[in-house]
Amino acid sequence: MAKTPVLTPRADDFPRWYQDLINKAELADNGPVRGTMVIRPYGYSLWERMQQDMDARIKATGTQNAYFPLLIPQSYLTREAEHVEGFAPELAVVTHGGGKELEEPVVVRPTSETIVNEYFSKWVQSYRDLPLLINQWANVVRWELRPRLFLRTSEFLWQEGHTAHATYEDARDFAARIHRDVYGDFMREVLAMDFVLGRKTAKERFAGAVNTLTLEGMMGDGKALQLGTSHELGQNFARAFHTQYLSKEGKQELVWQTSWGSTTRMVGALVMMHGDDNGLRVPPRLAPVQVVVLAIKGDDAVLAKVREIGDTLRAAGLRVQVDDRTDTPFGRRAVDWELKGVPVRVEVGPRDLENGTAMVARRIPGGKAPVAIDALAALLPAALEEDQALLLTQARERRESRTADVGTLEEAVEATAAGNWARIPWAVLGEEGEAALAEHSVTVRCLVADDGAVPDADETPGNVALVARSY
């Protein structure tokens, strides 16, 4: 009789496979309130690693961390018309506190542009105060009608950057720098994610922004997922909150602003972009545990050797965990580590000791081979870098092979129905075609220039629209 698979095969039911993997790899559970989630220790360790690396990159731009309140007066949101209209369906509003009805309802923050500007307007007085570059790591609440763990939850964790600049050009360039050098570089170099850098259409841009830059990734089933966004806010919020400064020429001027964010959705993207039918495949540069050393049996000599190997590999700069829980069957432990996507398993039993070798299983390319124990510290760092590069190559090849150049709306719909992306000239599609795509559950993910670069201007005839079904 064939063995029942641990996970639903991706080809059979991709959403079910995703839910199975989130559960069995112990990443998260559903919270007690619909749309919320409890992030379990292993899932949170992935987020912590993302957070630490991103935080360093954000600070390298000169941005400083701060914190703003969770509760925002409802009147703040009404000051910027597009902003409140865009977020109104997602707001959670508090009307009572301390056993009494509040004089003014407060909103649980869906994002912080309004409250940030309330304080920017106090902190910015002169051109000498600019640029003002602030980031916060926080949670936000957006009431989600169709929740899915990590991808769409009513409460999620994120970082949100907010900046004020003296000129349009300075703000524009800073938003592009975050888009390209912080988000893009991090996702490519650490998460091994392939993506397209582009510009949102007017219909898809952030509520209250004049321009939204996005990173769009293809998941294992061919659907698109927005991985992060960077917004040029122009002077919309500055005008609403009177955020202005005295220029060198002695004139009162409105600031130009940006905001940008990335969320725990990156954990879901990691699962869907790199996972396979056996579980997660975690990029080695991200992995909280790069190598797990397993004792196959509870033999004293074996236990001593796996602990010694663990110490040796740590001294070589690797993140290592020793699994000497021999009261749990070896097969079950091996499957659990495979589900969690740890890049390398080093397995040691009595026979391995006799031969002076260990069995090395590489999660990303697959396969096992015996390796001399004395050679592990020298060989594994290079193997991990090979596996990091392989994940990125596989993701890029999937996107390139599943993206079709089309010339009509009908061809675009047909391509996306087959689980692919489509590229179509914006001059052919236009706003009418974009609206028509929505009837087929297809959206314009972004606009790119003919050469694949981020376009300099919105929706010009030379731009290409990248369309797909999405999460």
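The legends below describe close-up views of a predicted model.

**View 1. Serine 154 in the loop between β7 and β8.** The loop that holds serine 154 runs between β7 (132-141) and β8 (155-165). Serine 154 has a relative accessible area of 2% and is therefore classed as buried, the cut-off being under 20%. A polar atom of the serine 154 side chain lies 3.1 Å from the backbone nitrogen of glutamate 144. Glu144 is also one of the residues in contact with serine 154 when neighbours within four places in sequence are left aside.

**View 2. The largest pocket and its lining.** The volume of the largest pocket is about 1,600 Å³. Its lining consists of 48 residues. Nearest the centre of the pocket lie Glu90, Arg142, Arg152, Gln226 and Arg265. Two or more lining residues come from each of α4 (81-87), β8, β11 (224-234), β14 (256-263), α8 (265-274) and β22 (443-448). By residue class, the lining has 15 nonpolar, 17 polar and 16 charged members.

**View 3. Helix α8.** Of the 10 residues in α8, 10 are buried. They are Arg265, Met266, Val267, Gly268, Ala269, Leu270, Val271, Met272, Met273 and His274.

View 4. Helix α2 covers residues 41-60, 20 residues in total. From first C-alpha to last, α2 reaches 28 Å, close to the 28 Å expected at 1.5 Å a residue. Its buried residues are Tyr42, Gly43, Ser45, Leu46, Trp47, Met50, Met54, Asp55 and Ile58.

**View 5. Leucine 339 in helix α10.** Helix α10 spans residues 330-340 and includes leucine 339. The relative accessible area of leucine 339 is 3%, so this residue is buried by the cut-off of under 20%. Not counting residues up to four places away in sequence, leucine 339 touches Val6, Leu7, Leu21, Lys24, Ala25, Asn278, Gly279 and Leu280. Glutamate 160 is 179 residues from leucine 339 in sequence, and the two are 31 Å apart in space, C-alpha to C-alpha.

Note on methods:
Residues are numbered from 1 along each chain as its sequence is written. This is a predicted model: local features need pLDDT of at least 70, side-chain atom pairs count only at pLDDT 80 or more; totals for chains, interfaces and linings use all residues. Side-chain values use heavy atoms; hydrogens and water are left out. Helices (H or I, at least four residues) and strands (E, at least two) are DSSP runs, numbered from the N terminus. Buried means under 20% relative accessible area, exposed over 50%, partly exposed in between (1.4 Å probe, protein chains only). A polar contact is a pair of N or O atoms within 3.5 Å; within protein, one must be able to donate a hydrogen and the other to accept it, and residues adjacent in sequence count only if both atoms are side-chain atoms. Contact means heavy atoms within 4.5 Å. On a 1 Å grid over the protein atoms alone, a cavity is a set of points where a 1.4 Å probe fits but cannot get out, and a pocket is an open set with protein on both sides within 12 Å along at least five of seven lines; lining residues have an atom within 4 Å of a point. Grid points are joined across faces, edges and corners, and a volume is the space filled by probe spheres set on the points. Ala, Val, Leu, Ile, Met, Phe, Trp, Tyr, Cys and Pro count as nonpolar, Asp, Glu, Lys and Arg as charged, and the others, Gly among them, as polar. The expected span of a helix is 1.5 Å times one less than its number of residues.
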